Structures are given as C-alpha cells and as structure tokens.
Amino acid sequence: MYIAGGLASDELFLLDLKNGENDAEWLMVQIEKGPTPGKRYGHSLVYYKPFFILFGGNLNNEVANDVWIFNSEQQPFHWTKLDIKGDLPQPRIYHSASVCTYGGANGMMVVFGGRRKNGQNLNDMWGLRKHRNGVWDWMKAPYRGTPQDRIQHSSLFCGNFFINIGGRSQTLGDNLPIEVYDTENSEWSKFCSFRRFRHSSFIFENYLYIHGGLEDDKHNNPANVLNEIDLYELFASNQNLTNKLKLYFTKKNEQAQKNVSASEEKSNSSSNYQNMDSGSLSGSTLKDIKISDKFVIGGKVVQNADFSDLVRYCSMEKLHNEHVDKDNMMKMLKNKSLDYSLEDKVIMALLRPKEWVNKPLEEEDSTFCLDIETVMALIDQCMKIVQEQPMVLKVEAPVKVFGDIHGQYQDLMRFFDLFSAPIQGPGGDIDGLDYIFLGDYVDRGTHSLETICLLMALKIKFPNQIHLLRGNHEDRWINSVFGFQTELCERLRDDLDNPAIFTKFNDFFDYLPLAAIINDEVLCLHGGIGSSINSLSDIEKIQRPLEVIHEVSNADQQLVVDILWSDPTDSDIETGIQANSTRDPTGVGNIVKFGPDRVEEFLKANNLTLILRAHECVMDGFERFAGGSLITVFSATDYCGKHKNAGAILILGKDFKINPKLIYPQECPNKNWDNGEEVLKLRPPTPPRNRQGSSNDLGKKSSFS
Ligand SMILES: [Mn+2]
C-alpha cells in the first residue's frame, strides 16, 4: 500500500509485506533526486500495475492537470511527468479517479468531475490510457444524459460500471444521487441519494461500502460509520443494469474457477501475494485472492504529529484490542482531539531510544522530565486499567517477553532501538505482537522513574497488548530499601516521612497481576512455582490489593512468596524442593528453590508446555532449565555493574518457536549503577545464576530459532 502527497510532504510510503504480514513494515520509498509532483492536495492517485498515476490537484495555489507516474517495478524509483499530446482535461481539484479492469475500458484510468480554479464544478469524464506503443493519451468520455457535477465524491468501477458516490455540487445542495455510467453504451443512470463527501469507498463482491467522510457543510465531525449497499438492490429499478451486473459476476466466477484449477496445476511455490495484482483482481473470487487479515487505519491529521499517528496497521486478530465491536468496527476512527492525551505526552517525552542509546549517563543531570502531577495522573489512569483486568492475564502469541529491567532504562531503550518498540508506525511492532514484562521495573538501576512511567503510559495506550506483571521489587518493603524510594526523594522531592508518590506507586503495584498465560500453554510469572503453586487457580484466587507478607505464616502468603521470589534449583539434577539460602538465609521468608521434577509435574497437571520467568541474573540473558521446560529471562546487562552478563528478551512466535534477542554490556561503563562500595554493601546484588549444569543448547521442549 502506498501513500503519497498531501499538504505536509510529497514523500511516498510503502507498507512492505514481502516478509509476510507479521514482519510487515512501513518504509519511506527512497526516490531518486529529480522532479516530483510536489506538495499538493485535492489530487487523485491510483494504482494500475506497475504504475502509480497521480493527476491534478492544487499545487502552489495553482490548479493542475499534470500527470505523474511512478513505476513500482523500476529501480531506482523516480517520478516521471507525462508529456501528453492532444486533448487534455481542464485543470481540476477534488475530482475522483478509478481504474477500469474489465471490458472495453480495461486499463483505463477514468477521472470525473472536480472543480476548476474559477470555482466552477465539473461533470465531465476523461480516460487516460497507455497504448502498446508506450504513448499515453487522454480521451474525453462520450455520454448521454447529464451527470451531476461533483467535487469531493468517490468513484469506483464494478465491471463495466463506473459509479459516482456522494460529493457536493454547485446547483443542488449536497444530497446527490448515486450515478452509474455504463462504459458499454455510454449511458448515465441515477439511483438513490447518498449524502456524504470526502469519504472513502470500496467494493467487495456485490456490495458497495462507504466509509467516513462528512455529511454536512456545517458539521466538522467525520461520519463514523461503514455503510453497505447491495448493488443488486441499488440497481433493482433498472432491469438492463441488473442483467449486466449478473452477467459480470457470472463471468467473474467462471474466470475464478479457471484460475483456481490453473493455480492448482502450477507448483505451489507462488507467494500469497502474487494474485494481488490488478490483472487477476478483476477475475477472482475469495478463493484465489488472499484477503489480508489486517486493516490499515487512518487517523485525523494532527498538527506536528509524526507519521505514525496518522496511519497504522492493525491485525484482524487484534481488532478486539481496539474495543471495537463487529457492529460498529469503525468506532476506532473516532475523531482524535487536537490535544495529545496524557499517555501520548509521556511516551513522546520518554520513548527516545536513539537519544538514550548514545547518552553518556555520567554527564546527565538527575532531574526527571515529568512533573509530579503528571506522574500521579499516570498512576491513576493505569491503576484503573489494571484493576479491571484479571490476576492471570490471557495473552495470544506472538509475544515479546522482557525480564528484569531494574531501572536500567538505557538497556530498555537499546532493546527498543534494536528490536522494535511497542509503538505504531516505523520502528514499532505493537500492531503485530503483544509485550509481556515479567516485573522488577524499579530498584537498583538509576532510572526506575523513566522505566515505570514509560511502561505505565504504554499500558494506558495499549491496555490489551502491553502486559505488566508484578515482580518482587514492586513491593513497598523492598523498593523502600533497594533504590526506588531514594530515587523518588531525590528526583521528585518526595517526602521521606510522608511519601505521597512512593505510597501511590506502591498502592498501584499492589494491583499488578501475578501471572500471564499465553495461548493456554505458556505460564509467565516473575519468580516461579515454588513449593505451593499447583494450578492456575491457585494464582487466580489471590485477592487484590495484595500486600506481600515476608514472614510467611499461612498458605496464602506462601503462594505469593513462591510466585514472586522462588527460583529453580541450581541444575536439572537437583530435584524436589530446597531452601533458598541466598535469598532467605534465615528461612523466615520460606523462599525455596524448586526442581525440574516440580516443573514437569506442574506443566503436566495443568496441560501447559512451558514456564517463562525472570528474577535471576543469567549470564547469557536467558537460560534453560528442566530440559527446556522453564526459561529464565533477564533483560538488564552488567547487573549491578558487577556481573558483565548479557541481557535478553524472548520473542515467542505464533508457532511457539522462541527467538532470543540479546544485548551486551556497554563497552564504556555508564552510570546505570550507583556502585559505590557503600551502596553495594547496603543493597547487595543477588548473585548470578550458577552456570554449571545448565545449558542453552537445543533442548527437547521449546525450539529456538
Ligand atoms: Mn526479582
């Protein structure tokens, strides 16, 4: 799909589907230096393989009738202005254009109506065609009857029929009939009215769809509905057109049958997209056209917004995340206010991967870029969302899973920079997958505030695609000691004795979910299953707000400590339940280690295949346990400036293949860590997992790609 022109720029964007829909990305088409159509509006742009054809519009306050073509199959890409001899249509703006792919006018771009520079509306119709000898020419279409003059209408071909929909006229007001031009006999016919302009329309099978646009001069709110018109019903009063329409669909289906048998004979090597060229579109049915399961969603132009705000790509599977019901799927296009939302402001302020990747943190001043009111409002909004969601989140693959971040914001930005960020548009992949963060956002590192505030803003923006689980540091008793409270006091001037922000954050943490389950197969949690977690319902039944109790005295408290604090045993040969003397030297917290046998039993009993957890620093950033039935993932590099470990995230594909992505400690040590000896004594880092007895070789369970 291409987008070109508009007032803002004359750049050309391409949605690249060649790596499949999951890896589709927006690219800016690199166009050779040279003449381009320039910044214009009110022009038309159509695609007729291999050409994009641009015509007319307003250019530098002049109304134009020039034609530009862009060959999508000829590199380096460039625009060419056609030098067309003979009769030319008058310069015009707000006309329509559509390509005929059937019958005698096959391959012709047909332009209708629009407005002249003097303000006069037009009702003429012109066809542009490239002849076999390479010459392009215009031809004025003959017609009987007087078609309605229109601007800002849409037009479409269905077989022989050129259909004009909506728009505005000079003479009749805005309630214009749908008019149909038959290319076979050059006759116009009028049908019912449809009051709409600046809308879009498309045809699927025998249905005409009209979306968006304005209904009335006085109202500025675009219509929010998708209208469906059955062409047979529309044509019902005209037996001749009805018969022709029937004939067209019969031929189309016959052709489609032929195409199916032809393609069955061919080898199976052709790509899904090969059938999408305009040649076969005219003679195909659903059987041989692969309809994309994604939508391209266009938004309203917001001043100074970047491109990603305007157009985005949404998979049909994720449409439910847009809170769109089937009856009114276009609600998502709700008119955006010109003001940015709170979460957008925070995302714009904080999500700057390139800046952070190159930032020498030593030189940084310690002020935080958001004020207290913004942080408080962010917590309020995020809290509301989290409270409404369950304790065990249901997530669908593909998913990106992050382990502990611990205030190492630069590492988070490095992951976003290298492997895409949870945003829409270029550099983002949120429309193609979900993100699960396994907890431990705060403490230890020096940028807990950036980390948790960005994640909250992303959660607000994509409530059903960003999943924030609780870690053992999302706990007031822990983050009052391990750095977060100190950061709040120093950077936001939170009062140590009457800590308003600290309290608010931790009230929010008390509502974070403890687990997520991917496709009913993979359990994600921060620590593990310890000695007490035997089923998912053990986790689901835990009530919120949940304060973590560290001196365990009952079974419910044990469940929580197991989920947030337990570790796997040191290797696959150490089975059963063991004391966790590193984390709990006195045993008062009842923190344990669980063996591979526990993992296998648990997975079997719950019909699961894998546990993904974080919580332990592992040297490669991720590490397998229980023959691959449990994987630890840790996303902070060079933990505490001591361990020189890599950081990892895991991408769990639709096929359940796991694709780890790694980053390594920065060459020049930065100030992620306040690693004065005193601080380290005060907050001793948990040692990295012992590497002996574990390996990241291919195991029996999950396959790595
Ligand atoms: Mn942890």
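Predicted model: local features only at pLDDT ≥ 70, side-chain atom pairs only at ≥ 80, totals over all residues.
Two strands pair if DSSP finds at least two bridges between them.

Strands of a sheet pair through backbone hydrogen bonds, either parallel or antiparallel. Now look at strand 10, residues 109–115, and strand 11, residues 121–130. They pair in the antiparallel sense, over six bridges. Which residue of strand 11 stands opposite Met109? It is Leu128.

Next come two helices. Two packed helices are described by the angle between their axes and the distance between the axes. Take helix 6, residues 372–388, and helix 11, residues 500–509. They pack at an angle of about 15°. Their axes are 10 Å apart. Angles under 35 degrees count as roughly parallel, so helix 6 is roughly parallel to helix 11. The crossing of these two helices is left-handed.

Which residues of helix 6 and helix 11 meet? Helix 6 brings Ile372, Val375, Met376, Ile379, Cys382 and Met383. Helix 11 brings Ile501, Lys504, Phe505 and Phe508. Sorted by class, the contact of helix 6 with helix 11 has nine nonpolar residues, one charged residue and no polar ones.

Definitions and conventions: Residues numbered from 1 in each chain as written. Axes fitted to C-alpha atoms, helices over the stretch in contact; angles between N-to-C directions. Helix = DSSP H or I, 4+ residues; strand = E, 2+ residues; numbered from the N terminus. Parallel < 35°, antiparallel > 145°, perpendicular 65-115°, else oblique. Left-handed = near helix turned anticlockwise from the far one by under 90°. Contact = placed C-beta atoms within 7 Å. Nonpolar A, V, L, I, M, F, W, Y, C, P; charged D, E, K, R; others polar.
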